[in-house]
Amino acid sequence: MSIKVKIVSPEKVLFAHDADMLVMPGSEGDIAAMPDHAPLMLTLRGGVADVYEGGVVTHRFFVAGGFADIAPTHCTILADRATPVAELSVDAAEERLAGLEKSYEDADKMNVPALDILMNKIQSARAEIDAAQSAIPAMSL
Amino acid sequence: MASLKELRARIGSVKSTRKITSAMKMVAAAKLRRAEARAAAARPYADAMRRMLAEVARSVANEGGQPALLTGTGQDKVHLLIPMSSDRGLAGAFNSNINRTTRNLVLKLQAEGKTVKLLPVGRKTHDFLSREFADLIIGHRHLAASKEIPFSAAAELGEQISSLLDKGEFDVCTLVYNQFRNVMTQTPTEMQLIPLALPDNDNTASTDLATYEFEPDEGTLLSSLLPRNLQVQLYATMLETAAGENGARMTAMDNATRNAGKAIDRLTLTYNRTRQTNITNELIEIISGAQAV
């Protein structure tokens with residue numbers, strides 16, 4: 001029993017394969033998509049999506065927010081931006097975080113929706129740094 | 001009648017023109033292939049987005065207070081037009097079709113007493129529209145200067161449109177772009193972005209499944225899906241414009257190359273005739289000179 005997992009970004013399909021389980025960072029907590037999961041649509045926060053096959057993680061992708069469509073037989077992640085974890089760069093993410101924090105400082109503190117969006121982006125950038133750092137030891141082994 | 005020297009120069013210049021147009025044709029063909037591949041790669045996201053949006057919208061259809069991106073402002077006074085052309089010319093009627101369609105649309109809306117605002121995308125349409133409707137243009141964008149159109153270009157444009165809507169700058173937003181039918185044919189098309197015409201979800205597989213649950217609730221999900229959907233639609237039309245531009249250029253340059261070939265044939269014929277006439281004239285002069293002696 002497996003589900004069809006698809007991870008797509010606006011530009012292209014990053015991953016399309018059958019897998020046992022897909023754990024993704026939902027905006028209200030991590031969620032695992034497994035065969036016969038009840039149909040669910042959710043928004044994602046920035047974080048790492050893990051693809052499990054045969055009990056081990058076979059692929060890891062960093063997704064910078066987006067949406068997911070879970071159904072009994074398939075699961076599709078619509079990522080705003082998605083990168084395999086091994087290809088992430090700590091420096092680039094830190095640079096982006098610094099830029100975002102600066103624009104948060106400068107932002108109009110009364111404009112709550114805009115602040116929320118910025119806050120989500122900052123959270124996503126922090127998650128990206130964490131993911132990138134977690135990938136480094138794995139690569140040096 | 002032109003002299004031999006002039007004719008030689010003409011033939012030479014038409015030959016260089018033919019070389020240029022045939023090179024441009026080949027470049028456009030290569031770019032077209034890449035642009036088509038990119039458009040195909042972007043399709044799965046757009047398809048999935050459309051399906052999700054239809055599903056969510058269906059479940060909130062009976063609730064009030066829907067986002068303005070979906071339903072518009074409820075008025076029909078101020079129209080924002082977004083014509084989308086390429087940055088470069090020499091692509092046959094590709095850009096002038098957009099310009100003409102937009103111009104007619106502006107005049108039609110103005111005749112109906114509506115206010116029109118323009119946000120041209122692409123240098124060619126901006127240049128054209130700023131001649132006649134300079135006071136209607138509220139901003140403009142060029143397509144990416146780089147070879148590939150990044151998604152961020154569409155994202156920025158989408159955010160600009162969303163914020164204009166939030167400020168109440170317009171009621172209806174329509175995109176004018178070239179729909180890519182095939183390499184030969186691009187049809188200028190008007191597509192209404194806001195209020196959004198929702199796609200039918202009848203023939204997709206998701207409807208026969210159990211009803212979806214949503215996390216967070218439908219309203220929140222919908223309001224975060226809609227801006228993204230706008231960006232995705234803009235991105236898709238940008239890619240279509242890029243593919244169409246290269247297709248149109250390829251066709252135009254193919255015709256130009258063929259015409260240049262014909263012109264060369266005609267000029268060569270004239271050249272040879274003239275040469276022969278000159279020789280005959282010279283012979284007549286020599287012979288009559290000899291006879292006179």
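This is a predicted model: local features need pLDDT of at least 70, side-chain atom pairs count only at pLDDT 80 or more; totals for chains, interfaces and linings use all residues.
Trainee: What joins β5(A) to strand β5 of chain B?
Mentor: Three bridges do, and β5(A) runs parallel to β5(B), which covers residues 213-215. For a spot to look at, find A:Leu40, which stands opposite B:Glu213.

Trainee: Switching to chain B. What's the strand order in its open sheet of four strands?
Mentor: The order is β2-β1-β3-β4, and the pairing is mixed. The edge strands are β2 (115-118) and β4, each pairing on one side only. On average, neighbouring strands in this sheet are turned by 25° against each other, ignoring direction.

Trainee: In which sense do β1 and β2 of chain B pair?
Mentor: Strand β1 (residues 78-83) pairs with β2(B) in the parallel sense, over four bridges.

Trainee: Which strands does helix α3 of chain B lie across?
Mentor: Helix α3 (residues 94-111) lies across β1, β2, β3 and β4 of chain B, at about 155° to β3(B). There's also α6(B), which lies across β3 and β4 of chain B and runs at about 35° to β3(B).

Trainee: Now α5 of chain B. Which of its residues are buried?
Mentor: They are B:Phe151, B:Ala153, B:Ala154, B:Leu157, B:Gly158, B:Ile161 and B:Leu165. These cover an arc of only 160° around the axis, so they sit on the same side of α5(B).

Trainee: And what covers them?
Mentor: The cover includes α2 (68-71), β3 (172-180), β4 (186-194) and α6 (218-292) of chain B.

Trainee: Which exposed residues are on the face turned away from the buried side?
Mentor: On that face of α5(B) you'll find B:Ser163 and B:Asp166.

Trainee: What span should α5(B) have at 1.5 Å a residue?
Mentor: Its 16 residues, 151-166, should span 22 Å, and the end C-alpha atoms are 22 Å apart, which agrees.

Trainee: Which residue takes a positive phi just after α5(B)?
Mentor: That's B:Gly168, with a phi of about 70°.

Definitions and conventions
Residues are numbered from 1 along each chain as its sequence is written. Chains are lettered from A and ligands numbered from 1 in the order in which they are written. Helices (H or I, at least four residues) and strands (E, at least two) are DSSP runs, numbered from the N terminus. The expected span of a helix is 1.5 Å times one less than its number of residues. A residue is buried if 20 or more other C-beta atoms lie within 10 Å of its own, exposed if 12 or fewer, and partly exposed in between; C-beta atoms are placed from the backbone. The arc is that of the directions from the helix axis to the C-beta atoms. Two residues are in contact if their C-beta atoms, placed from the backbone, lie within 7 Å. Two strands pair if DSSP finds at least two bridges between them. Axes are lines fitted to C-alpha atoms, for helices over the stretch in contact, and angles run from 0 to 180 degrees between N-to-C directions.
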